[in-house]
Every structure is written in C-alpha cells, then in structure tokens.
Amino acid sequence: AIWRCTSSTCPAQLKERLFHFGSRRAMDIEHLGEVVIGQLVDRGMVKDFADLYALPGETWEGMEIAETKTGSTVKLGVPRTKRIRDALERSKRASLRRLLFGLGILHVGAGVAKALGRGFAALDDVFAASVDQLTECEDIGEVIAQSIVQWWGDPVNRKLVERLRKAGLNFKSELYNPAI
C-alpha cells in the first residue's frame, strides 16, 4: 500500500509546493532552497506562496537555518537575507507563464502555461474563461481546462491570487498573441 497525505495543509505538501513555486522553471526565486523553505514552514511562518512576499525583512535576518548535511545551525546573515529578499522582489516581475506554472494547477506544466500566456492577455482572463474558451487555446484540452476552472473555483485559491495581486506580482502576459 502507498500512503500519501491529501490535505492541502500538510506541511510536507506545502514544502513541495513552495519549492516548486520558487524553482527555476517557475518563479525563479534564488536562495530559497529546501532548507530555508523547511524552516519557514516548520516555524509556521509560511502557509502559502503569498506569505513569502509578506514576510518582513527582519523576519529573515538572524533566522537560524539547520543545515541538513552537517547538522549544525547557521544564522542567515544580512547579505544572504538581502539576496533572498532581492530574489523575491525580482520574482514579482516574472512572466505570467511562470506564475501559472508555479501555482501548481493540476495538468498545467510549463508548456501549457506558455500556451495560456499566448492565448490570454492576463491571469484574470485565464480564470474568467469557461472550459470551452480555454479549449480554444492551442494545447489545451478539456481535462486541462476543467482542472483550471476547478482550481479557480476553490475559494482558498481565489484568496491566494488576490494576496499575490496585492503583493505586486505580474499578472500580464508578455506572450499574448490574439491572432493565434
């Protein structure tokens, strides 16, 4: 038998979702590795992606990180915390396709996110679209379209997107091409 947690509040799932969100192919948040994410989640400082952008600077400074390889703890110094905060700030300008991929919507990989970026001018347009409108987009089938509509139908996800909007993330597509 295989056991897995299906709860969206599961700390292990949250860590993996945050790691995916910050990965190179998604929001590309440098210096936000597994160890830092693990400490943030274990300390209850981060419950979703938007929390990363809401953490005040002093939260990062002096935070002790347990190094998994050596077993020792290391304080995050000012230079490292500045690099993390700068990376978070840069990620706000990431393309819509990176944000869509980073959200971790079921069946929305990097290629599908790129297709959505070509077919829709903004994130709000993607989420306002019906299943039929989404399937008009290249590479988007009914299963993917239903997954997007279902993800957006969850009030928790809607609140997350609003918090990301307030944090100043880019919701506009640089790939939008209405001729396609």
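Reply: Happy to! A helix here is a DSSP run of H or I with at least four residues, and helices are numbered from the N terminus. Please keep in mind that this is a predicted model.

With that in place, let's start at Asp-28, which sits in the loop between helix 1 (11-22) and helix 2 (34-42). For background, most residues other than glycine have a negative phi. Asp-28 counts as partly exposed because its relative accessibility is 34%, and partly exposed covers the range between under 20% (buried) and over 50% (exposed).

Asp-28 is also one of the residues lining the second largest pocket. Sorted by class, the lining has three nonpolar, four polar and three charged residues. The space in this pocket comes to about 180 Å³.

Now for some context elsewhere in the chain. His-107 likewise is a residue other than glycine with a positive phi, near 75°. His-107 belongs to the loop between helix 6 (96-102) and helix 7 (110-119). With 43% relative accessibility, His-107 counts as partly exposed.

Asp-51 is part of helix 3 (residues 49-54), and Asp-51 counts as buried because its relative accessibility is 14%, under the 20% cut-off. Setting aside neighbours within four places in sequence, Asp-51 is in contact with Met-45, Val-46 and Arg-163.

Finally, a helix pair. The axes of helix 10 (residues 142-153) and helix 11 (residues 155-167) come within 5 Å of each other and cross at roughly 80°. That angle makes helix 10 roughly perpendicular to helix 11, because angles of 65 to 115 degrees fall in that class. On the helix 10 side, the contact is made by Trp-151, Trp-152 and Gly-153, while helix 11 brings in Pro-155, Asn-157, Arg-158 and Val-161. By class, this contact of helix 10 with helix 11 has four nonpolar, two polar and one charged residues.

Note on methods. Residues are numbered from 1 along each chain as its sequence is written. This is a predicted model: local features need pLDDT of at least 70, side-chain atom pairs count only at pLDDT 80 or more; totals for chains, interfaces and linings use all residues. Side-chain values use heavy atoms; hydrogens and water are left out. On a 1 Å grid over the protein atoms alone, a cavity is a set of points where a 1.4 Å probe fits but cannot get out, and a pocket is an open set with protein on both sides within 12 Å along at least five of seven lines; lining residues have an atom within 4 Å of a point. Grid points are joined across faces, edges and corners, and a volume is the space filled by probe spheres set on the points. Ala, Val, Leu, Ile, Met, Phe, Trp, Tyr, Cys and Pro count as nonpolar, Asp, Glu, Lys and Arg as charged, and the others, Gly among them, as polar. Helices (H or I, at least four residues) and strands (E, at least two) are DSSP runs, numbered from the N terminus. Buried means under 20% relative accessible area, exposed over 50%, partly exposed in between (1.4 Å probe, protein chains only). Axes are lines fitted to C-alpha atoms, for helices over the stretch in contact, and angles run from 0 to 180 degrees between N-to-C directions. Angles under 35 degrees count as roughly parallel, over 145 as roughly antiparallel, 65 to 115 as roughly perpendicular and the rest as oblique. Contact means heavy atoms within 4.5 Å.
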